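Open the model in your viewer and keep the selection tool at hand. This tour goes stop by stop: what to select, then what is there.

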Amino acid sequence: MELTDRKLKILQAIISDYVRSAEPVGSRTLSKRFDLGISPATIRNEMSDLEEMGYLTHPHTSAGRVPSDKAYRLYVNKLMEKRELSPIEKNLIAEKLRADVSEFDETIKHAARILSEITNLTSFAMTPTKNEDTLKFINLLPVDETTVVLMIVSESGKISNTALRMRVPYTEEGLQILAKNMTYNFNGKKITDVLKEHIIASFESDIEAMSKLAENIMPNFMKTLEDMLNVNLYMDGLTNIFDIPEYNDLERAKSFLSLLDKKEDFAKKLMEREDGIIVTIGDENADDLMNDCSMITATYHVDGKMVGKIGVIGPTRMKYGEITSIIEYLTDNLSSTFQLEGGEDEE
């Protein structure tokens, strides 16, 4: 059976109406709401064909039809029109993302919150997989007689500030010398490679005080590097699902929340997704708990390198065209934000 232009037009109208209303769509509804130029009887026959072809399903409790995962896939691949965001919407995203958020992880967390607010879905953002991340700058800042802050900056923009309790006396000059020495030795090196080095030996010095200072600081330095390799996953808008008709069923809502509660498994699935804007629908998702969900992810960049992912998860009945446009614009701005921050650092 051929998928004619008329069938495509009817299918697009059904998807549009169902996404809007969450109610099964009947032929009479389509005839009234859409200018299809054909009678309800003809629409009914075409809908029957579409159901036979696997593009529509027929809920037992209703005379109407709902789109199948196959229909949504066809829609995303061929029928979807990306909605151009208005200047007001673009300015809102850009202004919120340029809010006074200085640290890398906080900016990513902030982006997840923005995405949730705009889409009314559950959003997530993942910081870089840092196995290939390299060190850029190290500093040691005195706080008081027994406390020093170890600052580590990576090329991806990750900043780590760790308060260290000092067991030996120190001077500000000694800290500066050691910090410059550490930056010189480790700048441009992968974090994973630095972790393999016998770094205390590389800081042997004829000056006993400097040697003891290094022995005190370097184990903390190594521990901080290990922490920097961990991927952070931020989520926002978890309670938004209770406003979605599909999750009025408490058991279904619990199943959805239990999926997101397994953050390590969820993060692993995100890392396995391809780069760019990726849409997975229903049983295309790897986890059985996501068979009733769709997930849209995109990648963001720092200095032209793909470093992390951001996206939304929700029911298969979602505004794909609108959401992909929002995510695309948000990730473009996210990447630009980091490029601007990098440019300011280089000046």
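**Stop 1: α1 against α3**

Select helix α1 (residues 5-21) and helix α3 (residues 40-52): they pack at an angle of about 90°, with their axes 10 Å apart. That makes α1 roughly perpendicular to α3. Now show the side chains of Arg6, Lys7, Ile10, Leu11 and Ile14 in α1, with Thr42, Ile43, Glu46, Met47, Asp49 and Leu50 in α3; these make the contact. By class, the residues of this α1 and α3 contact are six nonpolar, one polar and four charged.

Some ground rules before moving on. This is a predicted model, in which local features need pLDDT of at least 70 and side-chain atom pairs count only at pLDDT 80 or more, while totals for chains, interfaces and linings use all residues. Residues are numbered from 1 along each chain as its sequence is written, and side-chain values use heavy atoms, with hydrogens and water left out.

The terms are these. Helices (H or I, at least four residues) and strands (E, at least two) are DSSP runs, numbered from the N terminus. Axes are lines fitted to C-alpha atoms, for helices over the stretch in contact, and angles run from 0 to 180 degrees between N-to-C directions. Under 35 degrees is roughly parallel, over 145 roughly antiparallel, 65 to 115 roughly perpendicular, and the rest oblique. Contact means heavy atoms within 4.5 Å. Ala, Val, Leu, Ile, Met, Phe, Trp, Tyr, Cys and Pro count as nonpolar, Asp, Glu, Lys and Arg as charged, and the others, Gly among them, as polar.

**Stop 2: α1 against α4**

Which residues meet in α1 and α4? From α1, pick Leu8, Leu11, Gln12, Ile15, Tyr18 and Val19; from α4, pick Ala71, Tyr72, Leu74, Tyr75 and Leu79. This contact of α1 with α4 has 10 nonpolar, one polar and no charged residues.

**Stop 3: α5 against α6**

Select helix α5 (residues 87-97) and helix α6 (residues 104-119). Their packing angle is about 155°, and their axes are 10 Å apart. α5 and α6 are therefore roughly antiparallel to each other. Ile93, Lys96 and Leu97 of α5 meet His110, Ala111, Ile114, Glu117 and Ile118 of α6. The residues of that contact divide into five nonpolar, one polar and two charged.

**Stop 4: asparagine 139**

Go to strand β4 (residues 135-144), where asparagine 139 is found. Leaving aside neighbours within four places in sequence, asparagine 139 is in contact with Val149, Leu150, Met151 and Ala179.

**Stop 5**

To find it, select Thr119, Asn120, Leu121, Arg317 and Lys319, the closest to its centre of the 19 residues that line it. α1, α6 and α12 (320-346) each supply at least two lining residues. A pocket is an open set of points, on a 1 Å grid over the protein atoms alone, with protein on both sides within 12 Å along at least five of seven lines; lining residues have an atom within 4 Å of a point.

Notes: 1 Å grid on protein atoms, 1.4 Å probe; cavity = no way out; pocket = protein on both sides within 12 Å on 5 of 7 lines; lining within 4 Å.
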